Amino acid sequence: MLHGAIIGFGEVARNGHWPAYADSREAKIVAVVDRTEERRKAARELLPGIATFATIEELASGVEVDFVDICTPPALHGEPMLDALARGWNVLCEKPLLLDLVELEKARGAAREAGRAIVPVHNWKYAPIVKRATEMLRSDTIGPLREVEIETLRIQDCAVADPDHPNWRRDPAIAGGGVLMDHGWHAIYLARHWFGEEPVEVRASLHRAALEEVEDEATLTLVFPSGQAKIFITWRADRRRNTMRLSGEEGEIAIDDDTLKVGGDSIHLERALSAGSHHADWFAAMLPDIVADFQRPERALESFNEAATCLSVIRQAYQLAS
Ligand SMILES: NC(=O)c1ccc[n+]([C@@H]2O[C@H](COP(=O)([O-])OP(=O)(O)OC[C@H]3O[C@@H](n4cnc5c(N)ncnc54)[C@H](O)[C@@H]3O)[C@@H](O)[C@H]2O)c1
């Protein structure tokens, strides 16, 4: 059983990660680090007896851990990541893994040197309906993949718990961008995962309500060697919905929130893809892979490279739109 500490006990830690650890036989949370007393108290109320700390330094002198699970806002991922690696701990980190390509390569080097893994939380790959679509694609149900369409409609950005930054998702200094950095990240790794290739060209247009604000809508085309992905992501829709379409030479797999359609058949799943924001069941499905990555750090390189692609594509999109 691996022992870990959650860094940043906000919405995703509380609602997305913690419930999955509570049921796990492979990984257990023994401590929580949060810089605010309000969130440390929330952790102690939920997890009686849990050790809580204000800093990683205090954590290191207080308990023994094998890994940290970083759930702080995006601009605050890098520092605890490098600190944890230097202490010989494995790292799990929420998306967007890092906001800067130089910092990302530095982290890659630090993990290699420490012989430890950095595992980004790319949890949409583990959504039951997405997993089924991926299995169908891999078992050649639609022939070679030629086009992917991904649409994420939201009426606003997601609420946060950070008492110091109640609106960090719209603060570029903390979020690193708007809806593209937040939700687009998931769409980009899914497209890369399905094509199994690196994109060779990026086209992008972004909408901002005002010049100084982060983008609240993004339209992206990623050209891959064997096809293309069209991505549309918005925080200004009139409803909440997720659709995805995988078109192959011999057929199509379509996801419409809770319905998977292939070859004239419709399969209805219990929960819509757009239901909720924290997805504890997806995180639970990912936990065995996380543990396996920690045990064999070279195994984590695939998802680390996915994160590198996401960041590179988003940076190109911001450059194109500036
Ligand atoms: N994969 C997903 O489906 C998914 C869903 C939601 C959020 N996320 C990601 O999870 C991360 C956290 O999002 P959230 O919605 O939980 O945010 P949040 O604001 O609710 O929580 C952040 C927590 O981090 C704490 N914190 C801030 N700086 C800190 C520091 N330096 N050291 C220790 N603690 C610190 C805050 O006090 C707060 O408790 C983000 O990167 C976000 O993009 C991912």
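A: The ligand has 28 residues around it, and the closest are Gly8, Gly10, Val160, Ala161 and Asp162 (a residue counts as near if its C-beta atom, placed from the backbone, lies within 6 Å). Bear in mind that this is a predicted model: local features need pLDDT of at least 70 and side-chain atom pairs pLDDT 80 or more, while totals for chains, interfaces and linings use all residues. Numbering starts from 1 along each chain as its sequence is written.

By type, the shell splits into 12 nonpolar, 9 polar and 7 charged residues, with Gly counted as polar, and Asp, Glu, Lys and Arg as charged. Helix α1 (residues 11-22) is the top contributor, with 4 residues (helices are DSSP runs of H or I, at least four residues; strands are E, at least two). Domain 1 (2-121) and domain 2 (124-321) both supply shell residues, so the ligand sits between them; the bounds come from an automatic or database assignment.

Now the sheet: 8 strands make an open, mixed one, ordered β8-β9-β10-β7-β11-β12-β13-β14, where pairing takes at least two DSSP bridges. β8 (201-207) and β14 (265-268) each have a single partner strand, so one side of each lacks a neighbour in the sheet. Inside it, β11 (241-248) and β12 (251-256) run antiparallel over 6 bridges, and Gly248 faces Gly251 in β12.

Helix α6 (128-138) packs on the sheet, touching β7 (145-153), β11, β12 and β13 (259-262); contact means C-beta atoms, placed from the backbone, within 7 Å. Helix α10 (301-321) packs there too, touching β8 and β9 (217-224).

Methods:
Two residues are in contact if their C-beta atoms, placed from the backbone, lie within 7 Å. Axes are lines fitted to C-alpha atoms, for helices over the stretch in contact, and angles run from 0 to 180 degrees between N-to-C directions.
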